[in-house]
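Subject: Structure handover

Hi,

Here is the structure for your files. My notes on it follow below.

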Amino acid sequence: MAVAVATTIGVEHVRDKIARACSDAGRDPASVTLIAVSKTFAAEQIEPVIAVGQHVFGENRVQEAKAKWPALTAKHAGIELHLIGPLQSNKAKEAVALFDAIHSVDRPRLCEVLAKEMIRQKRSPLLFVEINTGAEPQKAGVLPQEADEFLKQCRDRYGLIVSGLMCIPPLEDAPGPHFALTAKIARRNGLKLLSMGMSADYTTAIMLGATHVRVGSAIFGERAEA
Ligand SMILES: *Cc1c(COP(=O)(O)O)cnc(C)c1O
């Protein structure tokens with residue numbers, strides 16, 4: 001029970017902070033979607049968060065989401081599931097079936113498989129292109145200077161409708177400039193959605209235009225593993 005109480009307070013606290021950040025930024029709170037990142041947490045820890053009205057959740061692994069979520073979505077109407085982690089092409093089929101949004105579109109081969117599966121399954125998850133704003137070699141995402149060309153390719157070559165951009169700033173950097181750069185790339189490409197901001201920096205992200213914040217530990221507590 002202690003866990004249930006703690007998570008309830010967590011999500012309500014985050015909602016309050018989002019409302020305050022929106023007010024400070026002169027934004028409508030309805031323009032920011034809170035994605036509760038439930039990776040590594042079990043159904044029993046997710047249930048109390050659903051019980052207080054949270055219905056948008058994020059997972060970073062297809063296999064984990066597949067094991068955990070079908071039972072929860074069967075039980076609770078209106079759940080929206082977002083894939084926020086890297087996606088391998090050979091998992092794209094399962095991802096299209098399972099998720100309502102994919103935040104990690106970042107290479108032509110993945111676009112090709114996603115386009116094919118979206119037609120075959122008659123499903124159209126919301127698509128975000130991930131930008132590797134820190135040009136970190138170990139990280140997924142398109143380099144900022146290649147973003148315009150990649151977005152054009154998504155549209156013209158693969159027929160994909162991309163709705164927005166996503167970024168994960170390098171741990172050691174101040175996040176603001178990375179959020180601002182992502183917002184700038186979105187603006188010049190006519191994209192309305194921005195997936196940016198995690199537990200440590202979602203209020204900064206809201207100041208810089210985030211429409212989707214991905215918050216895990218501030219809601220669920222610290223994770224045992226990443
Ligand atoms: C885990 C994760 C988050 C949430 O991180 P917290 O610091 O726990 O809020 C957000 N985005 C991505 C891509 C993640 O993998």
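**Salt bridges**

Asp100 and Arg123 form a salt bridge, with their closest N and O atoms 3.9 Å apart. (A salt bridge here is a side-chain nitrogen of Lys or Arg within 4 Å of a carboxyl oxygen of Asp or Glu.) Asp100 sits in the loop between α4 and β4 (101-105), and Arg123 in the loop between α5 (108-120) and β5 (126-131), so the pair ties together parts 23 residues apart in sequence. Helices (H or I, at least four residues) and strands (E, at least two) are DSSP runs, numbered from the N terminus.

This is a predicted model: local features need pLDDT of at least 70, side-chain atom pairs count only at pLDDT 80 or more, and totals for chains, interfaces and linings use all residues. Residues are numbered from 1 along each chain as its sequence is written, and side-chain values use heavy atoms, leaving out hydrogens and water.

Asp100 is partly exposed at 31% relative accessibility. Arg123 is partly exposed too, at 27%. The cut-offs: buried is under 20% relative accessible area, exposed is over 50%, and partly exposed is in between (1.4 Å probe, protein chains only).

The salt-bridge count is twelve. Another pair is Arg120 with Glu117, at 2.9 Å between the closest N and O atoms. These two are three residues apart in helix α5, about one helical turn. Glu117 is buried, at 5%. Lys152 pairs with Asp156, at 3.8 Å. Both lie in helix α6 (residues 147-156), four residues apart. Shared partners also join Glu59, Glu64 and Lys68 into one salt-bridge network.

**Cysteines**

How many disulfides are there? The count is zero, taking a disulfide as two cysteine sulfur atoms within 2.5 Å. The sulfur of Cys154 is 3.7 Å from its closest cysteine sulfur, in Cys111, which is too far for a bond. For Cys167 the closest is in Cys154, 17 Å away, again too far. Cys154 is buried at 0% relative accessibility. Cys167 is buried as well, also at 0%.

**His178**

His178 lies in helix α7 (residues 176-188). It is buried, at 9%. Leaving aside residues up to four places away in sequence, His178 touches Thr133, Gly134, Cys167, Pro169, Pro170 and Asp173. Contact means heavy atoms within 4.5 Å.

**Helix α3**

A kink of about 40° lies at Trp69, shortly before Pro70. (The bend is the angle between axes fitted to the seven residues ending at a residue and the seven starting there.) Buried residues in α3 are Val62, Glu64, Ala65, Lys68, Trp69 and Leu72. They pack against α2 (43-51), β2 (56-59), β3 (80-83) and α4 (92-98).

Best wishes
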